[in-house]
Amino acid sequence: ERDFLRKAVEDGIIDYETPFVMIAELKYDGISVEAEVSNRILSARSRGDTQNDEASDYTPILKDFPFVRSQVPDEEAFGMKFEAIIKTDSLQYLNSIREQSYVNCRNAIIGIFGSNDAYKYRDYITLVPLATSLPGMDRIEEIEFMNKYYYNGEGLRYAVLAGNYYQILYQVYRFVEEAEIFRGFAPFMYDGVVISF
């Protein structure tokens, strides 16, 4: 409220009475991936060190990762950001077939991406779609598009918050409260929430 919403009022972006809309999302705890996609992954890389223009190439791990619901041909490929995660049920399988035991899903995804034989374990990776480079969609349309066509076991979980300043503030509070409760039985790890206009 103090650092974001009230600042938006001070900057004249919103006021206390006029209704507006915000999006609340879970912040998945995994590895950031930027990819060129069609109905599969054509190339992939880490978000990298933007100051030094360096990124790790994830193409050997994720190339041809399929999206069976997408009908986009290769020549119409576009950019997409994902969060690569391991779900809790996949963690059990990984621990049974790998020589090491991962303590949690976060350690598992880091371990897989850092291993020389990562490609062998890519079926245990879930790619949560976060954003696209496609123009002409608002954020809700973008999320619905990604969840429909680029879903592979976990969509981007979100809520639409609508109302005036005080109603939005209460809805943010409720979303954070519910996210904290959900953490105890969620089938994946997340380390917070993202609230945006």
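What follows is a walk through the sheets, the core and the salt bridges of a predicted model.

Three strands make up an open sheet, ordered β6-β1-β7 and paired in antiparallel fashion. The edges are taken by β6 (158–163) and β7 (190–196); each has a single partner strand, so one side of each goes without a neighbour in the sheet. On average, and ignoring direction, neighbouring strands here are turned by 20° against each other. Helix α6 (residues 165–182) packs on this sheet and touches β1, β6 and β7, with its direction at about 160° to that of β6. As for the pairing itself, strand β1 (residues 20–28) runs antiparallel to β7, and five bridges join the two. One spot to look at in the viewer is Ala-24, whose bridge partner in β7 is Ile-195.

The other sheet has four strands. It is open too, with the order β3-β2-β4-β5 and antiparallel pairing. Here β3 (41–46) and β5 are the edge strands, and because each has a single partner strand, one side of each is left without a neighbour in the sheet. Neighbouring strands of this sheet are turned by 35° against each other on average, direction ignored. Helix α4 (residues 105–113) packs on the sheet, where it touches β2, β4 and β5; the helix direction makes about 120° with that of β4. Helix α5 (residues 139–149) lies across β4 and β5 and runs at about 150° to β5.

Within this sheet, strand β2 (residues 31–37) is joined to β4 by seven bridges, the two running antiparallel. Glu-34 has Lys-81 as its bridge partner in β4. Strand β4 (residues 78–86) is likewise joined to β5 by seven bridges, again antiparallel, and Ala-84 stands opposite Leu-127 in β5. Although β5 sits at an edge of the sheet, six of the eight residues of this strand (residues 125–132) are buried, so β5 is largely enclosed by the rest of the structure.

The largest nonpolar core has 56 residues, of which Leu-62, Phe-113 and Ile-125 touch the most other members. Setting aside neighbours within four places in sequence, the contacts of Ile-125 include Leu-62 and Phe-113, along with Ile-61, Phe-65, Ala-84, Ile-85 and Ile-86. Ile-109, Ile-112 and Asn-152 are also among the contacts of Ile-125.

Now for the charged side chains. The model has 15 salt bridges in total. In one of them, Asp-74 pairs with Arg-40, with 2.4 Å between the closest N and O atoms. Asp-74 belongs to the loop between α2 (59–62) and β4, and Arg-40 to the loop between β2 and β3, so this pair ties together parts that are 34 residues apart in sequence. Asp-74 is partly exposed at 34% relative accessibility, and Arg-40 is partly exposed at 23%.

Glu-1 and Arg-6 also meet through their side chains in a salt bridge, at 2.7 Å from N to O. Glu-1 is partly exposed, with a relative accessible area of 38%, and Arg-6 is partly exposed at 33%. Another salt bridge links Asp-117 to Lys-120, where the closest N and O atoms are 3.6 Å apart. In that pair Asp-117 is partly exposed, at 26%, whereas Lys-120 counts as exposed, at 57%.

Terms used. Residues are numbered from 1 along each chain as its sequence is written. This is a predicted model: local features need pLDDT of at least 70, side-chain atom pairs count only at pLDDT 80 or more; totals for chains, interfaces and linings use all residues. Side-chain values use heavy atoms; hydrogens and water are left out. Two strands pair if DSSP finds at least two bridges between them. Axes are lines fitted to C-alpha atoms, for helices over the stretch in contact, and angles run from 0 to 180 degrees between N-to-C directions. Contact means heavy atoms within 4.5 Å. A nonpolar core is a set of buried Ala, Val, Leu, Ile, Met, Phe, Trp, Tyr and Cys residues joined through side-chain atoms within 4.5 Å. Buried means under 20% relative accessible area, exposed over 50%, partly exposed in between (1.4 Å probe, protein chains only). A salt bridge is a side-chain nitrogen of Lys or Arg within 4 Å of a carboxyl oxygen of Asp or Glu.
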